[in-house]
Amino acid sequence: MGYVLLAGAIAAEVAATTAMKYSDGFSRLWPSVLTALGYVVAFTLLAQTLRTVSVGTAYAIWAGLGTAAIAAIGVVFLGEGLTATKVAGIALIIGGVVVLNMGGAH
């Protein structure tokens, strides 16, 4: 169940970060409200996750998958460029998450 909650926390954080892009520096009401609500949901779910998943594992997955998802959203939906450097960075982040999990971070 902890990993299901973590997936929800990541989804909420990614949605909040995407909404922040559209908030125009928090000058637009509804994207700003979605940003705040998304982060409240994300941190609530993350706190629940930490009841059953170790903090190192949870945070590594949270940071890695969240970063990769936001980078992909930027490329696919926001017109950001995809360079070999960006792909390598995302691969390193995901690789780091895998290594932490294999190295007994649970």
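Mentor: From the N terminus on, the protein chain runs α-α-α-α, with four helices and zero strands. Helices here are DSSP runs of H or I with at least four residues, strands are runs of E with at least two, and both are numbered from the N terminus. The model is predicted, so local features need pLDDT of at least 70 and side-chain atom pairs count only at pLDDT 80 or more, while totals for chains, interfaces and linings use all residues. Residues are numbered from 1 along each chain as its sequence is written, and side-chain values use heavy atoms, with hydrogens and water left out.

Trainee: Why are H1 and H2 called roughly antiparallel?
Mentor: Helix H1 (residues 2-22) and helix H2 (residues 29-49) pack at an angle of about 160 degrees, and their axes are 7 Å apart. Axes are lines fitted to C-alpha atoms, for helices over the stretch in contact, and angles between N-to-C directions run from 0 to 180 degrees. Angles under 35 degrees count as roughly parallel, over 145 as roughly antiparallel, 65 to 115 as roughly perpendicular and the rest as oblique. H1 and H2 are therefore roughly antiparallel to each other. H1 also passes H2 in a left-handed crossing, a term for a near helix turned anticlockwise from the far one by less than a right angle, with clockwise giving right-handed.

Trainee: Which residues of H1 and H2 meet, and what is the make-up of that contact by class?
Mentor: On the H1 side they include Leu-5, Leu-6, Ala-9, Glu-13 and Met-20, and on the H2 side Leu-34, Tyr-39, Ala-42 and Leu-46 are among them. Contact means heavy atoms within 4.5 Å. By class, the contact of H1 with H2 has 15 nonpolar, seven polar and one charged residues, where Ala, Val, Leu, Ile, Met, Phe, Trp, Tyr, Cys and Pro count as nonpolar, Asp, Glu, Lys and Arg as charged, and the others, Gly among them, as polar.

Trainee: What makes H3 and H4 roughly antiparallel?
Mentor: Helix H3 (residues 55-77) and helix H4 (residues 84-102) pack at about 160 degrees, with axes 9 Å apart, and H3 and H4 are therefore roughly antiparallel to each other. Their crossing is left-handed. Among the residues in contact are Ala-60, Ile-61 and Val-75 in H3, and Lys-86, Ile-90 and Leu-100 in H4. By class, this contact has 10 nonpolar, four polar and one charged residues.

Trainee: Why is the pairing of Lys-86 and Glu-80 called a salt bridge?
Mentor: The term asks for a side-chain nitrogen of Lys or Arg within 4 Å of a carboxyl oxygen of Asp or Glu. The side chains of Lys-86 and Glu-80 meet at 3.9 Å, N to O, and a search of the whole structure finds one salt bridge.

Trainee: Why is Trp-62 called buried, and what does Trp-62 touch?
Mentor: Trp-62, which lies in helix H3, has a relative accessible area of 8% and is therefore buried. Not counting residues up to four places away in sequence, Trp-62 touches Leu-6, Ala-9, Ile-10, Glu-13, Ala-42, Phe-43 and Leu-46.

Trainee: Is Ser-32 buried or exposed?
Mentor: Ser-32 is found in helix H2 and, at 13% relative accessibility, counts as buried. Leaving aside neighbours within four places in sequence, Ser-32 is in contact with Ser-23, Phe-26 and Ser-27.

Trainee: What is the phi of Phe-26, and what is that of Asp-24?
Mentor: Phe-26, in the loop between H1 and H2, has a positive phi of about 65 degrees although it is not a glycine. Asp-24, in the loop between H1 and H2, has a phi near 55 degrees, a positive value in a residue other than glycine. With a relative accessible area of 53%, Asp-24 is therefore exposed.

Definitions and conventions. Buried < 20%, exposed > 50% of the residue type's maximum accessible area, 1.4 Å probe, protein only.
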